[in-house]
Amino acid sequence: MSRSSLTVRAARAWIDGRFQPAQIRVEDGVVVAVGPVSGAARRAVVVPDDAVLLPGLVDSHVHVNEPGRTEWEGFTSATLAAAAGGVTTIVDMPLNSLPPTTTAEALAIKKAAAAPSAFVDVGFWGGAVPDNLGALAPLHAAGVFGFKCFLSPSGVDEFPHLDRAQLLAAMTEIAALGSRLIVHAEDPALLAADGPLGRSYDAFLASRPAASEQSAIDAVIDAARRTGARAHILHLSDARALPAIAAAKADGVALTVETCPHYLTIAAEEIPDGASEFKCCPPIREASNRDLLWGGILDGTIDAIVTDHSPSTVDLKTTGDGDFGLAWGGIAGLQVGFSAVWTEARRRGIPLEVIVPLFTTGPARVAGLDGAGVIAVGAPAHLTVFGLDDAMTVDARRLRHRNPITAYDGREFAGRVRRTWLHGQSVFDASEGGAGEAPWFRGPATGRLLSAPVRAAV
Ligand SMILES: [Zn+2]
């Protein structure tokens, strides 16, 4: 193995939960020293004063869809988009790939697809579906970071949802394994039936009311309380569920919750009829709800902001010519999530210090990714330089993910990622034309496949 070293110097580096001047020395992909800035280091990379040095971001909610639906996305395109967005660790969701990651064999197939194509580090969630309940142990032992389930139809037939009895059974089994259950929380009894809804965004919003999230979240809290299992609420859209979540946490229930950049930065009122690129489930709600979600960011109830990057082909996203009932639901935002949230935070007078943990240590803790999301001695040297005032206008055709469609197309952001290092190696450099065709792309893919440490059952 060739030895390589790197020194990065910054007036504002995110270390120990605050910005401070620092000089970071990296040997063979690992941070070996974090110290005060000194003049001694020759050939140091110096981060300009209009930028900050952050740990590589962590996104614990990404749908890569390979193998099986690689025309929707794929490890190469998803991880290049991640690197360009400052994200150095993703955790892949178990569904939309074929096979879904519901057995140890399926996990092995997915890892074989990922290994040659991962430009950032990749971990994997397993799936909990009716068919594999009672048999989750082998998948846990194979190193998934936890298990995902749906409480309402997932959108793909091969990944059925759990009913309330199965939710309790899954949590009981997962508590015994010492793993965690991450839940798509919408109550199917309160959702409109599948089928055409027309081009009205209001009709789509009414078809997936806030009450469906609240009902499902209450069920998750109840099951977590009864079983002692660690549970996580995925992609919270309805802010009115936050008090129940906060109360459960205060009671000692092992519960975490995430929301997504699209819920924090887009409001239902601004979504044009027929604009199915904005369709996701649960849906983007009203501006007043968005304000309350920011309240959950500021009061610490929300643990993580993750993109729920869930692309498909342009054809599927526009099926039905803008009919929100027929188009595929899912928003592609892996490359722009941090810029989007920083832009909105700044508009609201919220400092960067508030959002950095939600993109780093927050999702790392949600997934049990030890050592990710920090700049610290002994940690992998995942670093990103973020230009605080680097204005950008999103052009879906120039983003790195596979299909040129996203809800963020045309949006203007106040800051952007300039550079990313993965294990001490430069994997993205905007000054080399990173927004364009990929002059910065240099193989081979050096991302690693991550396995969860299997802890003794508690
Ligand atoms: Zn998702």
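Me: In which loop is the place of Asp273?
Reply: This is a predicted model, in which local features need pLDDT of at least 70 and side-chain atom pairs count only at pLDDT 80 or more, while totals for chains, interfaces and linings use all residues. Residues are numbered from 1 along each chain as its sequence is written, and side-chain values use heavy atoms, with hydrogens and water left out. Helices (H or I, at least four residues) and strands (E, at least two) are DSSP runs numbered from the N terminus. On that numbering, Asp273 is placed in the loop between α8 (261-265) and α9 (287-298).

Me: Which residues coordinate the zinc ion?
Reply: Donors are N, O and S atoms within 2.8 Å of the metal (3.2 Å for Na, K and Ca); water is not among the atoms, so sites may look incomplete. The donor residues follow the spacing H-x1-H-x244-D in sequence. At 2.0 to 2.2 Å, the zinc ion is coordinated by His61 (NE2), His63 (NE2) and Asp308 (OD).

Me: How many residues apart in sequence are the parts that His63 and Asp308 tie together?
Reply: Both residues are donors to the zinc ion, His63 through NE2 and Asp308 through OD. His63 lies in the loop between β6 (57-62) and α1 (75-84), and Asp308 in the loop between β14 (304-305) and α10 (314-317), so the pair ties together parts whose separation in sequence is 245 residues.

Me: Are His63 and Asp308 buried or exposed?
Reply: The classes rest on relative accessible area: buried means under 20%, exposed over 50%, and partly exposed in between (1.4 Å probe, protein chains only). By this scale His63 and Asp308 are both buried.

Me: How many salt bridges does the structure hold?
Reply: Side chains of opposite charge can pair when their charged atoms come close. A salt bridge is a side-chain nitrogen of Lys or Arg within 4 Å of a carboxyl oxygen of Asp or Glu. The number of salt bridges in the structure is 20.

Me: How many residues apart in sequence are the parts tied together by Glu158 and Arg69?
Reply: Glu158 lies in the loop between β10 (147-150) and α4 (164-177). Arg69 lies in the loop between β6 and α1, so the pair ties together parts with a sequence separation of 89 residues.

Me: Where do Lys110 and Asp92 lie?
Reply: Their side chains meet in a salt bridge (2.5 Å, N to O). The pair ties together parts that are 18 residues apart in sequence, because Lys110 lies in helix α2 and Asp92 in strand β7.

Me: Which residue does a cis peptide bond join to Leu98?
Reply: The residue in question lies in the loop between β7 and α2. The omega angle of the bond is about 0°, and the residue joined to Leu98 is Pro99.

Me: What is the phi of Asn96?
Reply: Asn96 is found in the loop between β7 and α2. At 2% relative accessibility, Asn96 counts as buried. Although Asn96 is not a glycine, its phi is positive, at about 85°.

Me: What is the phi of His423?
Reply: His423 is placed in the loop between β18 (416-422) and β19 (425-429). His423 is buried, with a relative accessible area of 9%. His423 is not a glycine, yet its phi is positive, at about 45°.

Me: What distance separates the C-alpha atoms of Trp294 and Thr446?
Reply: Trp294 is found in helix α9 and counts as buried at 2% relative accessibility. Trp294 and Thr446 are 152 residues apart along the chain, and their C-alpha atoms are separated by 36 Å.
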